[in-house]
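Take a first look at this fold. The text below walks through it one part at a time.

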Amino acid sequence: MQLDNRAQTLLKALIERYIADGQPVGSRALSKISGLELSPATIRNIMADLEELGYVASPHTSAGRVPTPRGYRIFVDTLLTVQQIDEQAVGAQLRLQSPQPQKMITNAAQMLSSLSQFAGVVLSPRRESVFQQIEFLRLGEKRILLVIVAPNGDVQNRLLLTEVDYTPAQLVQSANYINQNYGGLAFDEVHARLQNEVRQLRDDMGRLMQVAVEAGSEAMKDDSEDMVIAGERNLLSVSDLSSNMTSLRQMFDMFEQKTGLMQLLDVSTKANGVQIYIGGESSLVPMDEMSVVTAPYTANGKIVGTLGVIGPTRMAYERVIPIVDITAKLLSNALSHH
């Protein structure tokens with residue numbers, strides 16, 4: 001249902017006041033702050049309508065009203081005036097230029113946290129298990145070091161313990177075979193192909209290649225930390241989130257298990273621009289009093305991950321939205337020029 005202008009103005013004034021001080025807002029306060037020349041009776045009638053529509057609720061103990069998740073949703077979707085934030089100033093704080101993408105991601109999470117004063121979270125890019133080349137180094141009898149070079153130059157090592165003692169010549173031959181036939185593919189793809197082709201190779205060599213490809217696949221998956229969270233402690237000082245043991249426990253479960261958060265961030269990777277998930281409305285947010293503001297970020301034009309701010313439902317969205325938006329842009333630039 002469309003709200004008329006007066007109802008929108010009052011709802012906006014009520015939510016802004018509630019975000020600022022956390023107290024239920026009464027009709028008298030609303031007539032002062034809304035700037036509308038309306039009688040208290042008219043305001044009360046409009047508030048009763050808003051309550052009936054599910055945008056505000058009355059806590060039993062007071063005459064005032066508070067926003068519901070539905071009220072917050074219409075506020076962030078249609079009533080919000082996003083603040084202008086100086087991109088240069090934010091950029092100066094964001095020490096993103098680092099030779100290591102993972103360091104940039106950690107910096108971005110810390111910056112989201114320090115700018116918002118809540119928790120910052122970044123879902124790291126999905127690492128594709130593609131390799132450019134591999135090498136085998138014989139470390140001793142039946143001990144081989146597998147060296148994997150990724151297309152971006154990242155190098156990883158894995159120790160292989162083999163049943164057979166391979167000669168250096170066999171190791172060179174096996175590595176050459178893999179590099180010439182499969183360099184530039186994902187390990188999982190190589191694994192499937194090798195199973196068919198290896199039968200034609202001598203058994204021992206075939207076995208070494210299988211072991212190497214399995215270890216390589218694991219190495220590429222293990223390497224990236226899936227999610228970086230910074231500033232969880234900030235949420236302890238937010239009374240809405242830490243006022244009782246149940247919500248504290250819910251909050252710590254969320255940070256410990258991470259699966260729900262991963263799911264939420266994964267969903268928003270597919271979204272366009274800034275998304276807002278409001279507790280009590282979105283089943284992806286584990287607590288009614290919590291909201292998550294997210295945006296996807298890219299590397300060379302391709303969406304590779306998501307970042308965001310986790311805070312109370314009662315947050316200054318007009319500030320947090322541009323913080324998330326700008327950080328996503330800056331991280332995208334930094335990763336693209338990397």
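Which residue stands opposite Thr294 in β10? Gly308 of β10 faces Thr294. The model is predicted: local features need pLDDT of at least 70, side-chain atom pairs count only at pLDDT 80 or more, and totals for chains, interfaces and linings use all residues. Residues are numbered from 1 along each chain as its sequence is written, and side-chain values use heavy atoms, with hydrogens and water left out.

Start with the strands around that pair. Strands (E, at least two residues) and helices (H or I, at least four) are DSSP runs, numbered from the N terminus. Two strands pair if DSSP finds at least two bridges between them. Strand β9 covers residues 290-299, and strand β10 covers residues 302-312. The two run antiparallel and are joined by 10 bridges. They form a hairpin with two residues between them. In the turn, Asn300 has a positive phi of about 50°. β9 also pairs with β8, in the antiparallel sense, over four bridges. There, Tyr277 stands opposite Val292 of β9.

How many of the 10 residues of β9 are buried? Nine are, so the strand is largely enclosed by the rest of the structure. Buried means under 20% relative accessible area, exposed means over 50%, and partly exposed lies in between (1.4 Å probe, protein chains only).

Helix α4 has buried residues too. They are Gly71, Tyr72, Ile74, Phe75, Val76 and Leu79. Their cover includes α1 (5-21), β2, β8 (275-278) and α13 (317-336). Contact here means heavy atoms within 4.5 Å.

β2 (66-67) and α4 (69-79) are the elements that give two or more residues to the lining. By type, the lining holds five nonpolar, four polar and four charged residues. Ala, Val, Leu, Ile, Met, Phe, Trp, Tyr, Cys and Pro count as nonpolar, Asp, Glu, Lys and Arg as charged, and the others, Gly among them, as polar.

Now turn to an open sheet. Three strands form it in the order β4-β5-β6, with antiparallel pairing. β4 and β6 (155-161) are the edge strands, each pairing on one side only. The twist averages 25° from one strand to the next. Helix α7 (residues 168-182) packs on the sheet and touches β4 and β5. Its direction makes about 165° with that of β4. Such angles run from 0 to 180 degrees between N-to-C directions, with axes fitted to C-alpha atoms, for helices over the stretch in contact.

Within this sheet, β4 (residues 133-140) and β5 (residues 143-149) pair over seven bridges. Phe136 stands opposite Leu146 in β5, and Ile134 stands opposite Ile148.

Two loop residues remain. Most residues other than glycine have a negative phi. Lys142, in the loop between β4 and β5, has a positive phi near 60°. At 35% relative accessibility, Lys142 is partly exposed. Gln117 has a positive phi of about 70°, and is found in the loop between α6 (101-116) and β3 (119-123).
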